[in-house]
Amino acid sequence: MKTEKEKMLAGELYDALDKQLSEERLQARLLLKQLNDSREDYPIERGRIIKELIPNAGEGLWLQPPFYCDYGYNIIVGEKVFFNFNCVVLDVMPVTIGSRTLFGPNVQIYTATHPLNYKERATGLEFAKPITIGEDVWIGGSAIINPGVTIGKRSVIGAGSVVTKDIPADVFAAGNPCKVIRELEQ
């Protein structure tokens, strides 16, 4: 039989209150507290915390505190990625981010979701869908990226957008729901 963590990572319904998952989230919260309380003039200490929190990150990951996530280990980051103030990543399933991608303040990335059927939802079980964001993407401030979305390389998502469906490469997309506004000349 699968563990709750195995179910979670497979995108199946799982119990988020499982002991192992609760302990892993607690460890992430303790690291987030250290990160969010860290001083700007102590970059080595901040770097150590980030490396422990997000072990699957390339060189040059810059998290501008405060930053929040569920587990950290499900965030897979390329090189030179920047998160501005107050970003949230619900990394129940993998969030894969390409190199040189930029996130404005208050961006929220949600892999976690709940059943639409109220009887299923009442069981307390939840599930997730992975998110993929390509290289050289810019996500404007306060954008929300919903479960299961892929954003193509070099695209720009306008501030305040709610991304509910895949966005192709090399476009400017914006709105609620987010839609392609125009192609970008690269």
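Predicted model: local features only at pLDDT ≥ 70, side-chain atom pairs only at ≥ 80, totals over all residues.
Colleague: How many helices and strands are in the chain?

Modeller: Both kinds of element are DSSP runs numbered from the N terminus (helices: H or I, at least four residues; strands: E, at least two). The C-alpha trace that holds them spans about 50 × 45 × 25 Å along its principal axes. The count is four helices and 18 strands.

Colleague: Which strands stand at the edges of the seven-strand sheet?

Modeller: The open sheet runs S1-S4-S7-S12-S15-S17-S18, and its pairing is mixed. Each edge strand has a single partner, so one side of each lacks a neighbour in the sheet. Those strands are S1 (62-63) and S18.

Colleague: What stands opposite phenylalanine 103 in S12?

Modeller: Phenylalanine 103 falls in strand S7 (residues 102-103), which runs parallel to strand S12 (residues 138-139). Two bridges join S7 to S12. Opposite phenylalanine 103 is isoleucine 139.

Colleague: Do S15 and S17 run parallel or antiparallel?

Modeller: Strand S15 covers residues 156-157, and strand S17 covers residues 171-174. Isoleucine 157 stands opposite alanine 173 in S17. Two bridges join S15 to S17, and their sense is parallel.

Colleague: In which sense do S17 and S18 pair?

Modeller: Strand S18 takes in residues 179-183. Alanine 173 stands opposite valine 180 in S18. Alanine 174 stands opposite lysine 179. The two strands share four bridges, and the sense is antiparallel.

Colleague: What is the phi of glycine 175 in the turn?

Modeller: S17 and S18 form a hairpin. Four residues lie between the two strands, and glycine 175 is in that turn. Its phi is positive, about 110°.

Colleague: Is H2 roughly parallel or antiparallel to H3?

Modeller: The axes of helix H2 (residues 19-37) and helix H3 (residues 43-53) come within 10 Å and cross at roughly 160°. Axes are lines fitted to C-alpha atoms over the stretch in contact, with angles from 0 to 180 degrees between N-to-C directions. Under 35 degrees counts as roughly parallel, over 145 as roughly antiparallel, 65 to 115 as roughly perpendicular, and the rest as oblique. The crossing therefore makes H2 and H3 roughly antiparallel.

Colleague: Which residues of H3 make the contact with H2?

Modeller: Contact means heavy atoms within 4.5 Å. From H2, the residues are Ala28, Leu31, Leu32, Gln34 and Leu35. From H3, they are Arg46, Arg48, Ile49, Ile50, Glu52 and Leu53.

Terms used. Residues numbered from 1 in each chain as written. Heavy atoms only, no water. Pairing = 2+ DSSP bridges.
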